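My notes follow in the order in which I looked.

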There are 2 protein chains.
Amino acid sequence: MIKVSSAQKLAAKLLVLLFFVFVSVAEARIRYYKFEIKYEYKSPDCYKKLAITINGRTPGPTILAQQNDTVIVEVKNGLLTENTAIHWHGIRQIGTPWFDGTEGVTQCPILPGDTFKYQFVVDRPGTYLYHAHYGMQREEGLYGAIRVSLPDGQSEPFAYDYDRSIILNDWYHKSAYEQATGLASVPFQWVGEPDSLLIQGKGRFNCSTPGIASSLCNATNPECSPYFMTVVPGKTYRLRVSSLTALSALSFQIEGHNMTVVEADGHYVEPFVVQNLFIYSGETYSVLVKTDQNPSRNYWMTTNVVSREPKTPLGLGIFNYYPNHPRRSPATTPPPGPVWNDTEPRFEQSVAIKAHKDHIHTPPRMPHRTIVMLNTQNLVNEYYRWSVNNVSFNLPHTPYLIALKKNLTHVFSQVSPPTGYNYSSYDIYTVPENTNATISDAVYRLQFNTTVDIILQNAISMNNKTSETHPWHLHGHDFWVLGYGKGKFDMYNDQKNFNLENPIMKNTVAVHPYGWTALRFVADNPGAWLFHCHIESHFFMGMGVVFEEGIERVGKLPSSIMGCGETKGFHKP
Amino acid sequence: MIKVSSAQKLAAKLLVLLFFVFVSVAEARIRYYKFEIKYEYKSPDCYKKLAITINGRTPGPTILAQQNDTVIVEVKNGLLTENTAIHWHGIRQIGTPWFDGTEGVTQCPILPGDTFKYQFVVDRPGTYLYHAHYGMQREEGLYGAIRVSLPDGQSEPFAYDYDRSIILNDWYHKSAYEQATGLASVPFQWVGEPDSLLIQGKGRFNCSTPGIASSLCNATNPECSPYFMTVVPGKTYRLRVSSLTALSALSFQIEGHNMTVVEADGHYVEPFVVQNLFIYSGETYSVLVKTDQNPSRNYWMTTNVVSREPKTPLGLGIFNYYPNHPRRSPATTPPPGPVWNDTEPRFEQSVAIKAHKDHIHTPPRMPHRTIVMLNTQNLVNEYYRWSVNNVSFNLPHTPYLIALKKNLTHVFSQVSPPTGYNYSSYDIYTVPENTNATISDAVYRLQFNTTVDIILQNAISMNNKTSETHPWHLHGHDFWVLGYGKGKFDMYNDQKNFNLENPIMKNTVAVHPYGWTALRFVADNPGAWLFHCHIESHFFMGMGVVFEEGIERVGKLPSSIMGCGETKGFHKP
């Protein structure tokens, strides 16, 4: 043994310290986070229930980084019997498709007691999210925000004094287990509408509701005091608003204040003004808000359900003008928000979102292929399912990325899924019989670097009354939003009206009731990528597809993603 | 490709068929079972909650086999995000220590979607159990019975006309997640006493309890109609009674009928008669019941809580004399059962259980070593825990069997756990300060083929009022029960009174309030074996130890048990 003097020890410590200082001032820094995932009793809306927390909180800590930084998150699974996985929503994972965090697609689940290290570059500034991508854990509270700032010296194409973030959500008192069991039962058992709406993890359930035990619901619990945002009069605030609802499409507004939309899913928007912002699960926006109203009072911040008949009360927060007391409720009645079943303004907002004139990414003129995806709810073997072109998605037992890379062709269906539906005869306004609907884990294999158009076509639900709004989220890419329409997409005429001038790029987009949405993306990110409805129960019931592209270009897979299904034993310590 | 004719196909099918016929008539047969594990809504006591089911049922199917048969159970984990493992309680797993089903000790957990094949020989006739051994899944309903009959031509040392089985249980309306979260919280949150007692999976919660939603509790649900056992007058019934309670010590009785105890944990008992049978979680008994009462009416079967102040209503079933209607409730009041805090009769029953005179396994005269295990409840780092000699048990991240066999010495503590406590100064009637209590995953390493005595020493609980009854269960062995006593075990005097003549062998035994229980076993089964309190929450809170013996004699481990902790990548497809 060599004896180490105290001076040597001190020098070593200083070196370690200097190393960290150096790392943190370098151009592209490492942003290091440790997440411990646990069940804890929480009362975000005054009602006590188990939530999945990150470091004791839901939402979890906000990941802060600068463009081109490397983010490292060590996720320790502290659950007793449940596995987990975390998806970094909006981060394209270029060169690191194995760290997308999508269980069954890009990795095996993280076992109880295990620590999994995610490491990826955040290559674009903007507002992103993270959340569980395993079972229905997201809606148990496992989510948070990622905020990527511009490199020093660069500036946004809009000015603001302060930067603030909130995540909107809906909240169930029943567990995700109960929901999932009901969804997968014959007869189908629907858990019902959410119990409350949360703003940055805070909401307010009416504890006086009959049948609610006082031991479970305490209206005076400080945990569920309304969320407030304190603002200084006469300033411009950049407010980053995102939604991770399990089910609900939302409208967000701040009483008496207009909002100028400037960012969507990490892309700059040609500014436009709204009174209320429609936002769908998986979307992120930045809006500018001027604190130009009477500063002697506070104002309501509200969220309300649209597109489904709302049975969930308004979500309420307080827009607190300094120095008024932040808990002083405005004397006014909160604005009720838009009518839930008026599709028109939602459609209009979607169409209004265009790329900022100085930040246009021009899409390729023509696609190499077009895939039409008819969205239907239907029965498959007596189970309620959601389907694309009559195929309801099922995650395989072995993650696609590993199966594809290692050519394990027996672990998922090798049949190509359908690229369209019977346009001429199909009536989207009538509940289909769909007697030939199937459940499958087949993937769409895209030729590398080709341009792909996706037409999302909506249809009627099985209740024979409504057509739901589905926010589709694409992993590993941004896509151009080329157009929205009503009724059936007409391949011959509607393509002519695609916006190829200044389409916004997004990673999540809504398909409106009885409407269609057209997207274009370039299959230039080697990997296996999920594309799915971001409504937790809809994906659980099969509303998704997987794209493979350039699998032969994917680098060596880290063994940490292995260990399940046919990849047992692939893990190398 | 060789073309196969239809005739060849038919011949092949016949051969397969003949193979199965052959297998099923051979001396030692293969008993093949398929278990699919799922969450389902069940209302065993009229209250609707999620239960873990096996092939749609809880309790699961009874495994029927004959001595020396090989039982194969393919367990398909159909849970969404949760792993599982199943323990075959009372089966010694001689030569197959890897199929004991104890997560963290003998195997990695079975992942969602995976199928795990258990294969073991049932080498002794008798009444055994199976149940989840992962987290607290057992109390979610994942359990059932194993019944091993004698080889053809052999007979039991007692006569009976019919053979019947029931499993007794207690039942919580809160999920095991909620319980576990409360147990592992600071401050400690106790879930409370069970909501009901079940007989063969059926009980009756009072749906009129204030605050219970009618949508959740339906007293007319046929699922919770009382369990009935139809009997023919004038016969002798062998009734196999076992307990898998999460918490409760029980008394079982059949109104107006005596019971003759003839079997305990698979061993023949020198018959004795009881009016009520005390039974602790993990125990199995056979009693003989004569249907010699007035046959014109039915009789109550009851279970009631003892040892803890009962806050759970009686469990009720109907002992139905044919041809009375099985649902006709007796007009009598159900017998209330013995007083909960009268320890004496429970102590007496324990002492009364001796080996049948023609089936005595004589224990070795002397032990090679004695381990005294002081059972205490105490605080460790502000957490409520249960401890043995001030060490509270914690399962390691890598299963012991694999770690020991592969000499992975870094995955659990290599310190020897204490083999006793400070006898002279310790007061079992006073809540200890236990400031030096620790949490550890160390194991007791036993020399192969040596004889080991275990003295379980009970003490006061932290409520400063009671001493609880702990049913200790040993995996991989039966032990001789050498004696019970009150107060502190005295190493000098109490050993002299050990019963070395006709001690019963068991796998589960109670240590009574403020008392001690002395066991002896031979460490002759190579493997790693859990020894723990069978109360689900007590083991979760650290009340257990692990014995290693003859690890070098353990055969090649099947790779199916690998894949977690440090054994990632050890699985070979």
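**Sheets and interface**

I began with an open sheet of 4 strands in chain A, ordered E2-E1-E4-E6 with mixed pairing, where strands are DSSP runs of at least two residues and helices (H or I) runs of at least four, numbered from the N terminus, and where two strands pair if DSSP finds at least two bridges between them. Strand E2 (49-54) and strand E6 (115-121) of chain A each have a single partner strand, so one side of each is left without a neighbour in the sheet. Neighbouring strands of this sheet are turned by 20° against each other on average, direction ignored.

I noted that this is a predicted model, in which local features need pLDDT of at least 70 and side-chain atom pairs count only at pLDDT 80 or more, while totals for chains, interfaces and linings use all residues. Residues are numbered from 1 along each chain as its sequence is written, chains are lettered from A and ligands numbered from 1 in the order in which they are written, and side-chain values use heavy atoms, with hydrogens and water left out.

Within the sheet I followed E1(A), which runs parallel to strand E4 (residues 70-77) of chain A and is joined to E4(A) by 8 bridges; Tyr32(A) stands opposite Ile72(A) in E4(A). Helix H2 (residues 176-183) of chain B packs on this sheet, touching E1 and E2 of chain A, and its direction makes about 110° with that of E1(A) (axes are lines fitted to C-alpha atoms, for helices over the stretch in contact, and angles run from 0 to 180 degrees between N-to-C directions).

I then turned to the interface, where 36 residues of chain A are in contact with 37 residues of chain B (heavy atoms within 4.5 Å). The area buried between the two chains is about 3100 Å², with carbon and sulfur atoms giving 59%; this is the accessible area (1.4 Å probe) lost on being put together, summed over both parts. In chain A, Tyr41(A), Thr81(A) and Lys568(A) lose the most area to chain B, together 21% of what that side buries.

I found a count of 2 salt bridges between chain A and chain B (a side-chain nitrogen of Lys or Arg within 4 Å of a carboxyl oxygen of Asp or Glu). The side chains of Asp114(A) and Lys568(B) meet in a salt bridge, at 2.1 Å from N to O.
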